[in-house]
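Biologist: Please take me through this model one topic at a time, and give the cut-off behind each term when you first use it.

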Amino acid sequence: MYSTFQSAQVTLRSVERSFYYRGTEVLNVEMEYPVVSGIGNRAAAIINGRIRSQVNSFWNYVRNQLYREAVSEYRNAMQNGYPFREFSAVLSYNVEYNRNCHLSIFREMFQYTGGAHGTTEKRSDTWNIRTGRLIPISDYFERGADYKNIILTEAIRQADADPSIYFENYAELMEQNFDPESYYLTDAGPTPGLVIYYQEYEIAPYASGTPIFTIPYSMLKYPPSC
């Protein structure tokens, strides 16, 4: 039987850990992730299982590959007489939409490896909390509709309002790098809607961060609902 709840209870848990090599801290890790409850047991198990898998994947990457890279950089710094800059990694989750039987969350994975600045990767998931089903972006549009064209037309229109913050061929890059999994729902801001985003450097320089474009709910055939 499906849960009748229209929103979930979300509790954040935090983990912080420092990694050392020969008595020197070479890597610091922070993780804050959500635990979902207050919905059907099956749906909660599916959602929490996916989040745990993401957290475990990040943790395994950090404690294995990133730690080895930090140790290697520390050794190079000591051997060549230049300052070592401590590595860091941060995993954080943001709940952007939690009603109408939809739970939409994005996560950001930041790492700093001693360069001029760190890098951030953004990913997201949107679930039906009654079933635990991941909702594809196509579900918000009429069956068979060219949803990619609808979304890109609006996103490019928004980018055209201030083209200076993007690469010169941003329209072409937006089409090339469009990822239907890179979306989430939001109630924030002056125009709530479906948000698509691009990774750093995909359509704009680092200073522009992670570009986002909001497609108003009024443009969707099937806005989020139970």
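Biologist: Which residues touch the most other members of the largest nonpolar core?

Modeller: This is a predicted model, in which local features need pLDDT of at least 70 and side-chain atom pairs count only at pLDDT 80 or more, while totals for chains, interfaces and linings use all residues. Residues are numbered from 1 along each chain as its sequence is written, and side-chain values use heavy atoms, with hydrogens and water left out. A nonpolar core is a set of buried Ala, Val, Leu, Ile, Met, Phe, Trp, Tyr and Cys residues joined through side-chain atoms within 4.5 Å, where buried means under 20% relative accessible area, exposed over 50% and partly exposed in between (1.4 Å probe, protein chains only). Of the 35 residues in the largest such core, those that touch the most other members are V26, L27, V29, I39, I47, F58 and V62.

Biologist: Which element gives the largest share of this core?

Modeller: Helices (H or I, at least four residues) and strands (E, at least two) are DSSP runs, numbered from the N terminus. At least two residues of this core come from each of β1, β2, α1 (41-80), β3 and β4. The largest share amounts to 14 residues, and the element that supplies them is α1.

Biologist: How many salt bridges are there?

Modeller: A salt bridge is counted where a side-chain nitrogen of Lys or Arg lies within 4 Å of a carboxyl oxygen of Asp or Glu. By this rule, the count of salt bridges is seven.

Biologist: How many residues separate R107 and D125, whose side chains meet in a salt bridge?

Modeller: The N to O distance between the side chains of R107 and D125 is 3.5 Å. R107 is buried, at a relative accessible area of 13%, and D125 is also buried, at 6%. The pair links distant parts of the chain, with R107 in strand β4 (residues 102-112) and D125 in strand β5 (residues 119-128), and their separation in residues is 18.

Biologist: What is the volume of the largest pocket?

Modeller: On a 1 Å grid over the protein atoms alone, a pocket is an open set of points where a 1.4 Å probe fits, with protein on both sides within 12 Å along at least five of seven lines, and lining residues have an atom within 4 Å of a point. Grid points are joined across faces, edges and corners, and a volume is the space filled by probe spheres set on the points. The lining of the largest pocket has 15 residues, with R50, S124, D125, L134 and E181 nearest its centre, and β5 gives the most to that lining, with four residues. The volume of the largest pocket is about 270 Å³.

Biologist: Which residues lie closest to the centre of the second largest pocket?

Modeller: The space in the second largest pocket is about 180 Å³. Of its 15 lining residues, those closest to the centre are H102, N128, I135, S225 and C226.

Biologist: Where does R22 lie?

Modeller: R22 has a positive phi of about 55 degrees although it is not a glycine. R22 is exposed, with a relative accessible area of 70%, and its place is the loop between β1 (9-21) and β2 (24-37).
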